[in-house]
Amino acid sequence: RFARSRSVGAYVGLTSRRHASGEVDWTGRISKCGDAMLRSYLFEAAGVLLTRVPKWSAVKAWGIRLAKRNGLRKAKVAVARKLAVILHRMWIDGTEFNWSKEEIAA
C-alpha cells in the first residue's frame, strides 16, 4: 500500500497541515487524516514511551531532546509519527525492535 514507510505518517494524520493561498503560506497543526483511533493509540504509546518507560532507546532519547526544545505535546506527536514508521518497517521486514544502536551494528 505504501511506497515507503515514511508515507505512513501522512496516512495516519500525524503530519503538519499546510495552508497556502496567494501570499499566505503557513504550516499548522496535524492534518488528522486517516483513522482517529490509530492516531490516538500512537499518541498514547509515544506519551508512555517518553514518560513511563524506564528503559532508554534511540527513539526515547530523540523524543526527550525534542521535548526539551519544543515541548512535550509536539514531541509526543513526532515520536508517534516515528513509531508509525518503525512499526510499518518492522511489519514489512519481519524484524524486531532494537532498543540500542549497538544491536543494529552486531
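User: In this predicted model, why are helices α3 and α4 called roughly antiparallel to each other?

Analyst: Happy to walk through that. In the predicted model, the axes of α3 (residues 58-70) and α4 (residues 72-93) cross at roughly 155 degrees and come within 7 Å. Angles over 145 degrees count as roughly antiparallel, and therefore α3 and α4 get that label. As for handedness, the crossing of α3 past α4 is right-handed.

User: Which residues make the contact between α3 and α4?

Analyst: From α3 come Val-59, Trp-62, Gly-63, Leu-66, Ala-67 and Asn-70. On the α4 side, Leu-72, Lys-74, Ala-75, Ala-78, Val-79, Lys-82 and Ile-86 take part.

User: How do the residues of that contact of α3 with α4 divide by class?

Analyst: Nine are nonpolar, two are polar and two are charged. Gly counts as polar under this scheme, and Gly-63 of α3 is in the contact.

User: What makes α2 roughly perpendicular to α4?

Analyst: Again, set the angle against the cut-off. Helix α2 (residues 36-51) packs on α4 at about 110 degrees, with the axes 8 Å apart. The range for roughly perpendicular is 65 to 115 degrees, so α2 is placed in that class relative to α4. The crossing of α2 past α4 is right-handed.

User: Which residues of α2 and α4 meet, and how many are nonpolar?

Analyst: Among them are Leu-42, Phe-43, Leu-49 and Leu-50 in α2, and Val-77, Ala-80, Leu-83 and Leu-87 in α4. By class, this contact has 14 nonpolar residues, along with two polar and two charged ones.

Methods. Residues are numbered from 1 along each chain as its sequence is written. This is a predicted model: local features need pLDDT of at least 70, side-chain atom pairs count only at pLDDT 80 or more; totals for chains, interfaces and linings use all residues. Side-chain values use heavy atoms; hydrogens and water are left out. Axes are lines fitted to C-alpha atoms, for helices over the stretch in contact, and angles run from 0 to 180 degrees between N-to-C directions. Helices (H or I, at least four residues) and strands (E, at least two) are DSSP runs, numbered from the N terminus. Angles under 35 degrees count as roughly parallel, over 145 as roughly antiparallel, 65 to 115 as roughly perpendicular and the rest as oblique. A crossing is left-handed if the near helix is turned anticlockwise from the far one by less than a right angle, and right-handed if clockwise. Contact means heavy atoms within 4.5 Å.
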